Amino acid sequence: MNYYLLFKSIHLIAVISWMAGLLYLPRIFVYHVEHSDEKNISETFKTMERRLMFFIMTPAIILSWLFGISLVLISETSIHSNLWLQIKFFLVVLLTIYHLFLVHCLRKFALDENKKSARFFRILNEIPTILLILIILVVIYKPL
């Protein structure tokens with residue numbers, strides 16, 4: 001069995017799942033802000049946000065990292081001699097920081113302490129798209 005291809009497949013599935021959550025959660029936050037004064041709807045959004053984060057996004061980020069690191073180890077690729085891999089790693093770290101910021105926002109919503117606007121979350125929602133585009137370009141073109 002080719003473990004490299006198996007791990008690569010699992011890595012891609014996990015990344016797609018993680019990205020779906022990173023793109024969807026801020027959109028839920030937008031709707032949550034717009035309906036924060038409606039208790040019933042706000043509670044529904046809290047449930048949606050919590051389930052998305054802890055049942056989809058968190059397992060997906062863990063699997064993305066585990067299988068991404070496994071791919072580097074299996075292929076015996078040196079991060080020190082591959083600029084593209086260093087850039088990808090840096091961008092994935094930024095995406096992880098973004099994920100952790102969404103966890104922070106989720107906690108604020110759970111406590112009814114969110115102070116950020118719907119516009120803020122609409123703009124915030126562009127970050128993972130930009131990072132995803134950059135990561136794909138780096139992986140495909142492999143600069144130096």
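## Surface and overall build

The protein's accessible surface is about 8900 Å², and carbon and sulfur atoms account for 69% of it (Shrake-Rupley method, 1.4 Å probe; for residues, only the protein chains shown count as cover). This is a predicted model, where local features need pLDDT of at least 70, side-chain atom pairs count only at pLDDT 80 or more, and totals for chains, interfaces and linings use all residues. Residues are numbered from 1 along each chain as its sequence is written, and side-chain values use heavy atoms, with hydrogens and water left out.

You will find 5 helices and 0 strands here (DSSP runs numbered from the N terminus: H or I of at least four residues for helices, E of at least two for strands). Along the principal axes, the C-alpha atoms fill a box of roughly 55 × 30 × 20 Å.

## The nonpolar core

Of the 144 residues, 33% are buried (under 20% relative accessible area, 1.4 Å probe, protein chains only). The largest nonpolar core holds 31 residues, and Leu22, Phe29, Leu102 and Phe121 have the most contacts inside it. Such a core is a set of buried Ala, Val, Leu, Ile, Met, Phe, Trp, Tyr and Cys residues joined through side-chain atoms within 4.5 Å. α3 gives the most to this core, with 11 residues.

Beyond its neighbours within four places in sequence, Leu102 is in contact (heavy atoms within 4.5 Å) with Leu22, Leu25, Pro26, Phe29, Met53, Met57 and Leu124.

## A bend in α2

Met57 also marks a bend of about 35 degrees in α2, with a proline, Pro59, following within four residues. The bend is the angle between axes fitted to the seven residues ending there and the seven starting there. After α2 comes Glu76, with a positive phi near 55 degrees.

How values were computed
Buried means under 20% relative accessible area, exposed over 50%, partly exposed in between (1.4 Å probe, protein chains only).
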